[in-house]
Amino acid sequence: MRSGMMIEGFKLGCRCGQVTGRIAAHPRWQGNRLTCYCQDCRAYLHHLEQADSLNDFGGTDIYQVPPAHVSILTGHDQLACLQLTKGGVYRWYSKCCHTPVGNCFSSFWPMVGIIHSFVREPLDTLVGPTSGSVYCRGALGRLPDELKGTRSQKVMVLRLITKLLAWKLCGKNSPSVFFVNGEPLAAPQQLYSCPAGKG
Ligand SMILES: [Zn+2]
Ligand SMILES: [Zn+2]
């Protein structure tokens, strides 16, 4: 694991290599690695038939950064978007090989959660271990303490809100490769027609 105040830039890419991108070097405090055990993240990976990208307890390994640090270099036309329900989280993937790419709330919120499957080297090497887990109650089976991380859900959520506000104040939400003039780059496909289908 590399230490220090800065995270070096690193490569992103789908499995087949058509979509490539990069996360620019950024201060360590601007990145946040976490594991999400919510059903929605799991449904997204299952829909893409990428359940093997989940950990043993159904968790998704995610690295959150301000969108301004994320660039897509090739394969823009292969980026597609889905939402579980209308108004839900925008979940990006590559059409070419169904690699889960990342999650965003909207163009307003300055955060992209890059899914580990879109990172070409192990996150442990690039950014260090996960800082904790969220939605642990959604885990499949009883989560061992070491997977929960050292921080509680409350602390993790507080940490995320603090980061979002700091990024917002720094203007880190713009530009985002996933939105053009506030509209998603590709029209999201909705998996369920009403919120009742959620989860
Ligand atoms: Zn691909
Ligand atoms: Zn989730």
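What is the geometry of the site of the zinc ion (ligand 1), and which angles occur among its four donor atoms?

Reply: This is a predicted model, in which local features need pLDDT of at least 70 and side-chain atom pairs count only at pLDDT 80 or more, while totals for chains, interfaces and linings use all residues; side-chain values use heavy atoms, leaving out hydrogens and water. Residues are numbered from 1 along each chain as its sequence is written, with chains lettered from A and ligands numbered from 1 in the order in which they are written.

The site of the zinc ion (ligand 1) is tetrahedral, with angles of 104 to 120° among its four donor atoms. Four donors count as tetrahedral if all angles lie between 85 and 135 degrees. Donors are N, O and S atoms within 2.8 Å of the metal (3.2 Å for Na, K and Ca); water is not among the atoms, so sites may look incomplete.

The protein donors here are the SG atoms of C14, C16, C96 and C97, at 2.3 to 2.4 Å from the zinc ion (ligand 1). Along the sequence, these donor residues show the spacing C-x1-C-x79-C-C.

C14 is buried, with a relative accessible area of 2%, whereas C96 is partly exposed, at 27%. Buried means under 20% relative accessible area, exposed over 50%, and partly exposed in between (1.4 Å probe, protein chains only).

Note on methods:
Tetrahedral: all angles 85-135°; square planar, octahedral: opposite > 155°, others 65-115°.
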